[in-house]
Amino acid sequence: MRLLILLVLLNLSFALDRSSINEQSYRLIEYMKRIEEFPQRLRGEQIKYWITQDRFPEGRLFIGDRLFTEKDLENFMQEANLSAIPEEVYVRYGWTLRRTNMRMYPSDAVVHKGNPKIDYNQYTLLEPHTPLAILHSSKSGKWLYAHAPYMRGWVRREDVVFVERNELLKVMSLPFLVVTKGSVKVDNTVFGLGSKVYYEEKKGDLYKVVLPDRRRVWIKRTEGLEEGYIAFNERRTKSILDSLLGTPYDWGGKEGRWDCSSLVQSLYAIYGLELPRNSSQQAQIGRLVAESFGSYEEFKETLKALPPFRTLLFMRGHVMIYGGFEEGQPVIYHAVHRLRREDGSQWHVNSIYKNLLERDGLRNLYKSIIAVRVLD
């Protein structure tokens, strides 16, 4: 009996406080908005500010295979159609029809610094049935400016279904299956890790799901679909990450895969956590443990006392998942473009990777840590 009580207490101590973490996200991160609570009217000036708030990074940029010019930016802004935004905007609602990209400007043009795979015009991938507050249309009508729960930007009109607010709220209140593997195809729609597949009826392992195109189809729950959010499980988290190892790195999720912060966001979504999209935003969520270390040994000793797979390690512009110890050394999981080893050499990883810090010559990583946070 004592052993049983101890096990229960241990499980409770490692449980994720979903509501507390989510409240922290919505309270601290300006980009986080509950669409069901979104105001039904907005000042036009607010929307203009949002559209023009973000900028490409400084320095020489390319658009496709030529230099990016002021004229290119003017063309983007013409398509953004700011002059057509009225003083007061009545918000419309919808959701994504399929996986689609959210862009900084209303264009598929790739803006980069020499590597087209790092597209600065790419914000994020939106999964099917992502709820949207729709705020504006581009000049051509091909793009919509919309606010998703964790990001705002431009999405293709053809990838959005307009719905009345009541219909949106009704669907969002339905029970759901959550995707617990890299991706699952439901009928002809691909849903990625952490996304929801809403359903109206259940008969054993059969579910009458609501697809983004409003069709209702019966499906059998298969591997990779779980009913509702699942309780945090360390072994399950490790298993999911191990299954994704080797997946090519994907800046902004443009090709339907993951970068460092989207991996974190998608992974913890299966447990019901609503985390912000970018690593700098994620670095504000959870319990802060440390912000710097004086030595690798100090870093290592600190990690020994922290829970694996609930501890996030942040560098500037990068987030990693602490995966416990193996062979007496710390383990990290991350989607990573490149690393610098302690001997100074560059390692172009370009995938989701599992690093043992000493084996892989990464003891120097501690010098770049700006925050260690625990999700609890």
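This is a short chat about a predicted model of one protein chain.

User: Hi! What does the secondary structure of the chain come to?

Analyst: Hello! The model is a predicted one, and its chain has nine helices and 27 strands.

User: And how far does the C-alpha trace span along its principal axes?

Analyst: About 60 × 55 × 35 Å. The radius of gyration is 22 Å, which agrees with the value near 21 Å that a compact globule of 376 residues would have.

User: How much of the chain counts as buried?

Analyst: Of the 376 residues, 53% count as buried. The accessible surface comes to about 17800 Å², and carbon and sulfur atoms make up 48% of that surface.

User: What share of the contacts join residues at least 24 apart?

Analyst: It's 64%, counted among contacts between residues at least 6 apart in sequence.

User: Okay, on to the inside. How many residues are in the largest nonpolar core?

Analyst: That core has 86 residues, and L135, Y268 and I321 have the most contacts inside it. Helix α7 gives the core its largest share, five residues. There is also a second, separate core of 22 residues, with A290, M315, Y322 and V374 among them. In soluble globular proteins, nonpolar side chains tend to be buried together.

User: Which residues does I321 touch?

Analyst: Leaving out residues up to four places away in sequence, I321 touches L241, V264, L267, Y268, F309, T311, L312, V331, I332 and Y333. One of these, L241, is a buried residue of helix α6.

User: Nice, let's stay with α6. Which of its residues are buried?

Analyst: Helix α6 runs over residues 234-244, and its buried residues are T237, I240, L241 and L244. They span an arc of only 95° around the axis, so they sit on the same side of α6. As background, an α-helix has 3.6 residues a turn, so residues three or four places apart point the same way.

User: What's on the face turned away from that buried side?

Analyst: The exposed residues R235 and S243 are carried there.

User: And what covers the buried residues of α6?

Analyst: The cover includes helix α7 (260-269) and the strands β22 (318-326), β23 (329-336) and β26 (351-356).

User: What caps the N-terminal end of α6?

Analyst: N233 does that: one of its side-chain oxygens lies 2.9 Å from the backbone nitrogen of R235. Just after α6, G246 takes a positive phi of about 90°.

User: How about α9, which of its residues are buried?

Analyst: In α9 (residues 296-304) they are Y296, F299, K300 and L303. Seen down the axis, these buried residues fall within an arc of 95°, so they line one face of α9. They pack against β21 (311-315), β22 and β23.

User: Switching to single residues now. Where is H129, and is it buried or exposed?

Analyst: H129 lies in the loop between β8 (122-126) and β9 (131-137). H129 counts as buried because its relative accessibility is 5%, and the cut-off for buried is under 20%. Apart from neighbours within four places in sequence, H129 is in contact with W95, T96, V171, Y198, V210, L211 and P212.

User: Where does N364 lie?

Analyst: N364 is in the loop between β26 and β27 (371-374). With a relative accessible area of 18%, N364 is buried. A polar atom of the N364 side chain lies 3.1 Å from the backbone oxygen of R340. Neighbours within four places aside, N364 is in contact with R340, R341 and E342.

User: And K208, which strand is that in?

Analyst: K208 is in strand β17 (residues 206-210). Its relative accessible area is 21%, so K208 is partly exposed. Not counting residues up to four places away in sequence, K208 touches Y198, Y199, E200, E201, R216, V217 and W218. Y198 is also among the contacts of H129.

User: Last one: where is T69?

Analyst: T69 sits in the loop between β3 (66-67) and α4 (70-80). With 34% relative accessibility, T69 counts as partly exposed. T69 and V374 are 305 residues apart in sequence, and their C-alpha atoms are 43 Å apart in space.

Methods: Residues are numbered from 1 along each chain as its sequence is written. This is a predicted model: local features need pLDDT of at least 70, side-chain atom pairs count only at pLDDT 80 or more; totals for chains, interfaces and linings use all residues. Side-chain values use heavy atoms; hydrogens and water are left out. Buried means under 20% relative accessible area, exposed over 50%, partly exposed in between (1.4 Å probe, protein chains only). Helices (H or I, at least four residues) and strands (E, at least two) are DSSP runs, numbered from the N terminus. The arc is that of the directions from the helix axis to the C-beta atoms. Contact means heavy atoms within 4.5 Å. A polar contact is a pair of N or O atoms within 3.5 Å; within protein, one must be able to donate a hydrogen and the other to accept it, and residues adjacent in sequence count only if both atoms are side-chain atoms. The radius of gyration is taken over C-alpha atoms; the globule rule is 2.2 Å times the number of residues to the power 0.38. Accessible areas come from the Shrake-Rupley method with a 1.4 Å probe; for residues, only the protein chains shown count as cover. A nonpolar core is a set of buried Ala, Val, Leu, Ile, Met, Phe, Trp, Tyr and Cys residues joined through side-chain atoms within 4.5 Å.
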